[in-house]
Amino acid sequence: MELTRRDAAAALAAIGATGGIVLGTRRLQRDHDDASQTESNLLDDERIRTTLIAVGEVVYPDEVSGIEEFIEGFLDGRLNDSEHARGIRDATTELDDRARSWYDDPVADLSSDERDRLLREVGADSADEDPTGTTAERVRYYVVNELLLALYTSPKGGELVGNENPQGYAGGTDSYRRGPQ
Amino acid sequence: MRPTETREAARAPVEDADVCVIGAGPAGGIVADRLAGAHDVVVLEAGPRFDFADRLERQERAIRPAYDRPDVWDVGGDRDAHSASGEWFYPLNHARVKGIGGSTLHWQGMVMRLHEGDFNSGSVRGVGPDWPIDYADLRPYYAEAERELGVAGADDNPYGPPREEPYPMPAFPPSYSDSLFAEACEELEIDMHSVPNARNSEPYDGRSECVGYGTCLPVCPSKAKYDATTHIESAEGKGATVIDRAPVQRLEHDADRVTSAVYATPDGEEHRQEADAVVVACGGVETPRLLLLSESTDYPDGLANSSGLVGRFFMDHLFAGAGGVLEEPTRQNHVGFYTSSCDQFYDDADADFAPFKLEFFNYAGPSPVEMALSGDEWGDDLLGSLRESYGNHVAMGGLVEQLPREDNYVALDHDRTDDHGNPVPDVHWTVGDRALRTIERANEIQREILEEMGADVEWVAGPDATGPAYHHMGTTRMSADPESGVVDADCRTHDLENCWVASSSVFPTSGAMNPTLTIAALALRTADAIETWL
């Protein structure tokens with residue numbers, strides 16, 4: 001199944017570009033001084049994209065192709081000046097730092113097996129996502145789940161599972177009436 | 001939508017107001033909209049005015065496991081502190097939203113009329129009080145409420161109360177899984193019928209038709225699902241003043257009248273809003289709380305509480321459900337609402353068994369995206385798990401009436417205070433045997449249907465696993481007798497000549513139907529009474 005930039009647009013239409021909500025609850029209020037990278041240490045957005053595409057190649061199933069185009073298109077809507085985008089940049093930079101420290105290479109230069117291992121060594125496989133949590137929880141939230149959210153709220157991602165109108169996507173009111181194809 | 005700075009400037013009281021409505025949910029919104037234009041109306045709302053542009057982000061919170069349900073609409077913290085001292089814990093902050101629109105922002109949008117017998121439970125079923133009004137009194141207001149909210153439905157329910165005109169919009173057609181249920185129900189001689197939705201099946205009232213986001217509960221990004229922002233915006237269009245983030249602290253009064261509503265603003269100031277008529281429309285928990293907070297020498301047990309019943313008789317509906325898996329696809333989780341239900345057993349109710357209704361879900365089993373975000377795998381392994389888990393679930397739900405009991409109540413917890421130093425509400429809740437027996441009865445039917453379908457029944461939400469449906473009712477009950485209720489048949493308090501209550505808190509009994517259409521119908525009727533009084 002080939003993903004396209006158009007599918008990325010569908011994912012964005014589902015979950016939207018982020019940044020509008022003034023975060024109101026205590027658990028959502030983030031203290032940047034604690035966990036975030038300084039501005040100068042952050043990867044530039046081109047490296048953020050490259051890194052997330054490399055992670056996408058691991059967390060997406062083998063039967064999807066067009067991952068680069070899909071994630072590029074998705075990030076066009078997500079990497080803005082919002083708090084959420086800052087979280088993506090922070091967590092992705094942190095993951096890349098770990099790759100350089102543990103494997104002497106950035107994420108994008110690691111083999112697929114090494115990327116998979118890196119994510120597990122960071123703890124992103126067993127962590128619950130949390131935008132204000134530990135490195136593992138933030139990598140899970142801003143990196144792994146960001147990419148999974150994009151895929152599985154898109155119609156093509158839904159189709160992989162058998163639901164062409166997944167939760168979060170405005171796929172109309174015909175599909176719920178249709179029987180299996 | 002007015003900019004924030006304008007709203008800040010507009011937080012001062014309105015001079016010479018005719019009507020002050022406290023609470024901007026569906027009841028308050030409808031009363032305000034009905035009276036605005038002809039009268040100077042001001043609405044005071046404790047919560048904020050949410051930006052519609054944020055709804056996709058709120059939807060993302062609804063999907064992502066990092067957020068609890070209260071996070072979706074910023075519920076929680078000191079503002080919403082509460083207690084639950086009863087035998088059964090009551091999760092109040094999962095059950096409400098504070099803000100313009102109130103709890104309709106997170107409701108599912110199911111809107112049925114109560115049955116005729118619900119208004120005469122004591123006479124017809126031998127338990128509970130009769131309402132001081134009948135179905136016939138509310139019938140024209142039900143029709144009007146269906147137009148106001150925008151209801152999609154069909155007149156195909158042989159067990160429903162009489163109705164005189166079609167719904168404003170055609171019903172949503174049955175789902176694919178409804179067709180699977182239908183075969184089993186036909187075999188068992190159980191009747192299925194459509195269910196009224198406050199959700200546009202076609203464009204209506206300037207709002208789009210449903211586009212199938214599938215997250216109705218707790219957020220509709222398209223506004224196809226009715227929420228009370230519609231009526232608040234309409235009221236503002238007619239000249240009403242709406243002040244958000246203005247929690248009313250107490251109602252000042254003399255022996256016969258409310259003289260002003262004292263409200264706080266974000267700058268730490270307090271203001272007094274005077275008005276000829278005051279409408280308390282804060283839902284089934286905050287309405288009695290505000291009256292209790294307004295105690296005085298005239299009313300030492302709380303305002304409008306000569307009966308001693310303010311806060312008493314708190315009720316909610318109980319959930320009864322069952323689900324399992326079939327050996328075939330069931331096509332679930334495409335939409336977030338259900339399209340078929342069954343009222344066949346509703347009016348079998350008596351002193352031993354409560355009325356109940358059955359619902360045929362379109363969202364049984366896991367949502368693939370939510371499961372993907374909470375698993376511990378990715379790639380092909382994750383896809384394999386999703387395929388294994390999604391696709392063949394079926395489930396039924398149902399609501400069961402809870403009888404009014406004086407020992408179920410909302411009171412003030414004087415040991416705990418909110419962000420303004422006021423005692424928080426304590427929801428003291430337990431569930432009686434009649435409701436528990438009825439849940440078992442509903443479970444029996446649900447299991448029978450599922451087994452007839454060939455389902456492997458995997459779960460049953462019975463008496464030990466039931467929970468509240470988040471419908472707060474009964475705490476300022478309606479009665480013709482001032483000693484037996486807080487408000488009269490027009491929803492005016494017995495004690496105060498210029499104070500009305502618009503809320504499910506006036507329900508003497510709850511029936512087993514989702515309450516919002518009845519809230520809306522009563523709000524329209526209350527607005528007429530206020531109009532006459534003014």
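**Close-up views of a predicted two-chain model**

View 1. B:Ala136 counts as exposed because 11 other C-beta atoms lie within 10 Å, and the limit for exposure is 12 or fewer. The model shown here and in the following views is predicted. B:Ala136 belongs to helix α6 of chain B, which covers residues 135-149. Between B:Ala136 and B:Ser479 the C-alpha to C-alpha distance is 17 Å, although 343 residues separate the two in sequence.

**View 2. Domain 1 and domain 2 of chain B are in contact.** Chain B is divided into domain 1 (1-55 + 86-149 + 227-309 + 475-534) and domain 2 (155-224 + 318-400 + 432-465). Their C-alpha centres are 30 Å apart. The contact joins 25 residues of domain 1 of chain B to 29 residues of domain 2 of chain B. On the domain 1 side, α6(B) gives the most, with five residues. By class, that side of domain 1 has 10 nonpolar, eight polar and seven charged residues.

**View 3. The largest nonpolar core has 214 residues.** Within this core, B:Val31, B:Val43 and B:Val279 touch the most other members. Helix α7 of chain A (residues 135-152) provides the largest share, 12 residues. Domain 1 and domain 2 of chain B each contribute at least three residues to this core. Leaving aside residues up to four places away in sequence, B:Val279 touches B:Val19, B:Val21, B:Ile22, B:Gly28, B:Val31, B:Trp500 and B:Ala502.

**View 4. Chain B is in contact with chain A.** The contact involves 47 residues of chain B and 47 residues of chain A. On the chain B side, α3 (55-63), α10 (368-374) and α11 (379-389) each supply at least two residues. The side of chain B that touches chain A comprises 21 nonpolar, 14 polar and 12 charged residues.

**View 5. Helices α3 and α6 of chain A cross at roughly 90°.** The axes of α3 (residues 45-59) and α6 (residues 112-122) of chain A come within 9 Å. From α3(A), the residues A:Ala54, A:Val55, A:Glu57 and A:Val58 meet A:Ser112, A:Arg115, A:Asp116 and A:Leu119 of α6(A). Four residues of this contact between α3(A) and α6(A) are nonpolar, one is polar and three are charged.

Definitions and conventions: Residues are numbered from 1 along each chain as its sequence is written. Chains are lettered from A and ligands numbered from 1 in the order in which they are written. This is a predicted model: local features need pLDDT of at least 70, side-chain atom pairs count only at pLDDT 80 or more; totals for chains, interfaces and linings use all residues. Helices (H or I, at least four residues) and strands (E, at least two) are DSSP runs, numbered from the N terminus. A residue is buried if 20 or more other C-beta atoms lie within 10 Å of its own, exposed if 12 or fewer, and partly exposed in between; C-beta atoms are placed from the backbone. A nonpolar core is a set of buried Ala, Val, Leu, Ile, Met, Phe, Trp, Tyr and Cys residues joined through C-beta atoms within 7 Å. Domain bounds come from an automatic or database domain assignment. Two residues are in contact if their C-beta atoms, placed from the backbone, lie within 7 Å. Ala, Val, Leu, Ile, Met, Phe, Trp, Tyr, Cys and Pro count as nonpolar, Asp, Glu, Lys and Arg as charged, and the others, Gly among them, as polar. Axes are lines fitted to C-alpha atoms, for helices over the stretch in contact, and angles run from 0 to 180 degrees between N-to-C directions.
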